[in-house]
Amino acid sequence: MSDFTPTEMMTIAAARALTNDDVCFVGIGAPSAACNVARLTHAPDITLIYESGTVGTKPDVLPLSIGDGELCETALFTVSVPEMFRYWLQGGRVTTGFLGGAQIDRFANLNTTVVGDYEHPKVRLPGGGGAPEIASNCGQIFITMALSKRGFVDKLNFITSMGHGEGGNHRERLGMRTKGPTRVITDLCILEPDPVTKELTVVSIHQGVTREQITENCGWPIKFADQVIDTPVPTATELQTLRDINARTKKAHQGDKEAA
Amino acid sequence: MARLTSLAEAISENVNDGDTIALEGFTHLIPYAAGHELIRQGKKDLFLIRMTPDILYDQLIGTGAARGMKFSWGGNPGVGSLHRFRDAVENQWPRPLEIEEHSHAAMANAYEAGAANLPFAMLRGYIGADLPKVNPNIKQVTCPFTGEVLAAVPAIRPDVTIIHALRADRKGNVLLEGIVGVQKEAVLGAKRSIVTVEEIVDELNPPSPNSVVLPSWAVTAVVEVPGGAFPSYAQGYYARSNAFYIAWDEIARDRDTFQKWIEENVMRAGPEDFAKHAKKAA
């Protein structure tokens, strides 16, 4: 299968990061697509949790919000939001958090709060939502976002959710026992933190993408690991699964247009 | 005991200008009809509390009803920005908006502390994050047993909480099902509460002994407003109008189209206009 878009490659590479045993706290948007492709392909028993309190959900179409009725109707059970954040997330029951973001830096810290000064922002973004505590309380964090100079920046205006902070053992120094971001999946390549410095480093490059393209689209001088592999291209099953769920989703979200 | 009343009376009797007010509902059961009544009655200088401001607070902010807002995620879920919220923060239009920003975990804990009659909530939160630098209401507390330093935020105790629920009986006992969010905590932590419901029935018949029920004696006013959560949804009644959420992006992007929409759909409308949405999915 060679006919696929960079976004499709990104979603499928992100889906592959998940395993059947994961209990995954799902962020909205790209993470939600990846998590459900994983569930519909190689990880049928994965537990997907959305911050609205739905646990073990199996949506047939991708939710537009984190609280669509589809999530509750297909969940094993649904809890209140305080219980979600206290018992399940803070309680350490979630193995993996899957986040997106507006901006990320080389240590996988995320900004979804403001561009510019906090008091007088150039752009006011939505804010952190569940992310600050997802980032610290889940066993590990995967992040997926398209690689661009606007998104992958040298210096964040605001740290909404801490990844590896200033790098090295910064998380440990702040008392965190969780791993933090272990993989960042983009539309051009896959990044992983260097084992020692924790700086995000290219470990896998998608088909047809050059090192120059990656360097040009990153806001800091990006490093490549000693061994960089080619990301396996999407299989026919992966691609069909993703396209089917996207088609069902588009139909469902536009289906109630008359009611609007 | 809760008073069964009209929406206009419930709002005029329980909401004062300047009040701290929470309209809750986590994606599900957002009390739109009640929010529109606040706008119609010209309530002003409100301090709004809500985890996810959503389109409803975009409308309250854009009409100038709010002096401030405490929140944890201010976007149009899956669509993008809340343009009226952004215009208020970035350009002070139609008036400056004081913001107190938290994470979801902190807000959820703070609501629970309010319901539990505690002065503050603690959580293992905000580690390495910048919000504590810009929000003086995020502080630290040291565990007296282990010495662990935890985040502390004040309990949420609104003057008024407004929610939308599925149904109530004629005594004013209220049932919630599905994604129940923080509504129970928000009602129990408030001085006064208004609950709009899809329908008032003879027998509440909670589906389980563990159902989320707010008893009549814990609620101030109950109002029947079928469809009152549109364009959010009521589980088992009607679905979320994702198409409206997508359409709102264009409506709210521009000040004029926003004001025109409010004039037509809020100022010249009433709670009875929500009923058509309830019928649609029946």
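Chain B gives 51 residues to the contact between the two chains, and chain A gives 45 residues. Two residues are in contact if their C-beta atoms, placed from the backbone, lie within 7 Å. This is a predicted model, in which local features need pLDDT of at least 70, side-chain atom pairs count only at pLDDT 80 or more, and totals for chains, interfaces and linings use all residues. Residues are numbered from 1 along each chain as its sequence is written, while chains are lettered from A and ligands numbered from 1 in the order in which they are written.

**Chain B side of the contact with chain A**
- Six elements of chain B each give two or more residues to this side: helix H4 (83-91), helix H5 (104-115), helix H6 (131-134), helix H7 (183-188), helix H8 (242-253) and helix H10 (275-280).
- Helices (H or I, at least four residues) and strands (E, at least two) are DSSP runs, numbered from the N terminus.
- By class, the side of chain B that touches chain A has 24 nonpolar, 17 polar and ten charged residues.
- Nonpolar means Ala, Val, Leu, Ile, Met, Phe, Trp, Tyr, Cys and Pro; charged means Asp, Glu, Lys and Arg; the others, Gly among them, are polar.

**Domains of chain B**
- Chain B is assigned domain 1 (3-102 + 157-280) and domain 2 (104-154). The bounds come from an automatic or database domain assignment.
- The centres of the two domains of chain B, taken over C-alpha atoms, are 26 Å apart.
- Twelve residues of domain 1 of chain B are in contact with twelve residues of domain 2 of chain B.
- On the domain 1 side, strand S7 (98-101) and H7 of chain B each supply at least two residues. H7(B) gives the largest share, three residues.
- That side of domain 1 of chain B divides into five nonpolar, three polar and four charged residues.

**Chain A overall**
- Chain A has eight helices and 14 strands.
- Its C-alpha atoms fill a box of roughly 45 × 45 × 40 Å along the principal axes.
- The radius of gyration of chain A is 18 Å, which agrees with the value near 18 Å for a compact globule of 260 residues. It is taken over C-alpha atoms, and the globule rule is 2.2 Å times the number of residues to the power 0.38.
- Of the 260 residues in chain A, 55% are buried. Buried means 20 or more other C-beta atoms within 10 Å of the residue's own, exposed means 12 or fewer, and partly exposed lies in between, with C-beta atoms placed from the backbone.
- Among contacts in chain A between residues at least 6 apart in sequence, 67% join residues at least 24 apart.

**A:Gln213**
- A:Gln213 sits in helix H7 (residues 211-216) of chain A.
- A:Gln213 is partly exposed because 15 other C-beta atoms lie within 10 Å.
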